[in-house]
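Keep the model open beside you and read the points in order.

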Amino acid sequence: MDSKIDFFADSNTGQKIKNIKKELKNSSLSNRYEFIKLINNLDELREKRNIIVHSLVLSNSNDHLFHNYLRLKGEIVNKTTQFSTSDLEGINIEVCNVHNALFKLHYNNSN
């Protein structure tokens, strides 16, 4: 795209990730598959994040149940996912690890 603003304003995160992976696959970067692997990890974390953010949450002392209601073929479907507190902490750590790995890969690629 001509403008970074256009890129960030034009689509949802899932579509942006698809576009980034397409560009990486067609690039001449020698380590493009390392980037793609990390972007795939980021996409998996995005899906977990969406469950957490877009759900109704019930919790007890041991875990959290995330009820993600969505419309499918005209009917409301309840997709329930269970996360423990340590799962939630782990997701945060995974996001930080992917971010750091992408930064290092980018830094090494630009030097």
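1. Start with the cover over helix H4 (85–110): what lies over its buried residues includes H3 and strand S3 (75–84). Those buried residues are Ile-91, Val-98, Leu-102 and Leu-105. Buried here means under 20% relative accessible area, exposed means over 50%, and partly exposed is in between (1.4 Å probe, protein chains only). Helices (H or I, at least four residues) and strands (E, at least two) are DSSP runs numbered from the N terminus.

2. A word on the ground rules. This is a predicted model, with local features needing pLDDT of at least 70 and side-chain atom pairs counting only at pLDDT 80 or more, while totals for chains, interfaces and linings use all residues. Residues are numbered from 1 along each chain as its sequence is written, and side-chain values use heavy atoms, leaving out hydrogens and water.

3. How do the spans of the helices work out? The expected span is 1.5 Å times one less than the number of residues. For the 26 residues of H4 that gives 38 Å, and the end C-alpha atoms are 38 Å apart, which agrees. The 22 residues of H3 should span 32 Å, and the end C-alpha atoms of H3 are 31 Å apart, which agrees too.

4. Now turn to H3 itself. Its buried residues are Phe-35, Ile-36, Leu-38, Ile-39, Asp-43 and Leu-45, and what covers them includes H2 and helix H4 (85–110). Leu-42 also lies in helix H3, but counts as partly exposed at 29% relative accessibility. Leaving aside residues up to four places away in sequence, Leu-42 touches Val-98 and Leu-102; contact means heavy atoms within 4.5 Å.

5. How many salt bridges does the structure hold? There are three, where a salt bridge is a side-chain nitrogen of Lys or Arg within 4 Å of a carboxyl oxygen of Asp or Glu. Asp-43 pairs with Arg-46, the closest N and O atoms being 2.7 Å apart. Both sit in helix H3, three residues apart, about one turn of the helix. An α-helix has 3.6 residues a turn, so residues three or four places apart point the same way. Asp-43 is buried, at 16% relative accessible area.

6. Arg-46 has a salt bridge with Glu-47 as well, with the closest N and O atoms 3.8 Å apart. Glu-47 counts as partly exposed at 44% relative accessibility. Elsewhere, Glu-94 bridges to Lys-48, the closest N and O atoms being 3.9 Å apart. That pair links distant parts of the chain, with Glu-94 in helix H4 and Lys-48 in helix H3, 46 residues apart. Glu-94 is partly exposed at 36%, and Lys-48 is partly exposed at 30%. Through shared partners, salt bridges join Asp-43, Arg-46 and Glu-47 into one network.

7. Last, have a look at the largest pocket, which holds about 450 Å³ of space. A pocket is an open set of points on a 1 Å grid over the protein atoms alone where a 1.4 Å probe fits, with protein on both sides within 12 Å along at least five of seven lines; lining residues have an atom within 4 Å of a point. Twelve residues line the largest pocket, and Phe-7, Asn-19, Ile-20, Glu-23 and Leu-24 are the closest to its centre. Helix H2 (13–25) and helix H3 (32–53) each give two or more residues to the lining, with H2 giving the most, five residues.

Conventions:
Grid points are joined across faces, edges and corners, and a volume is the space filled by probe spheres set on the points.
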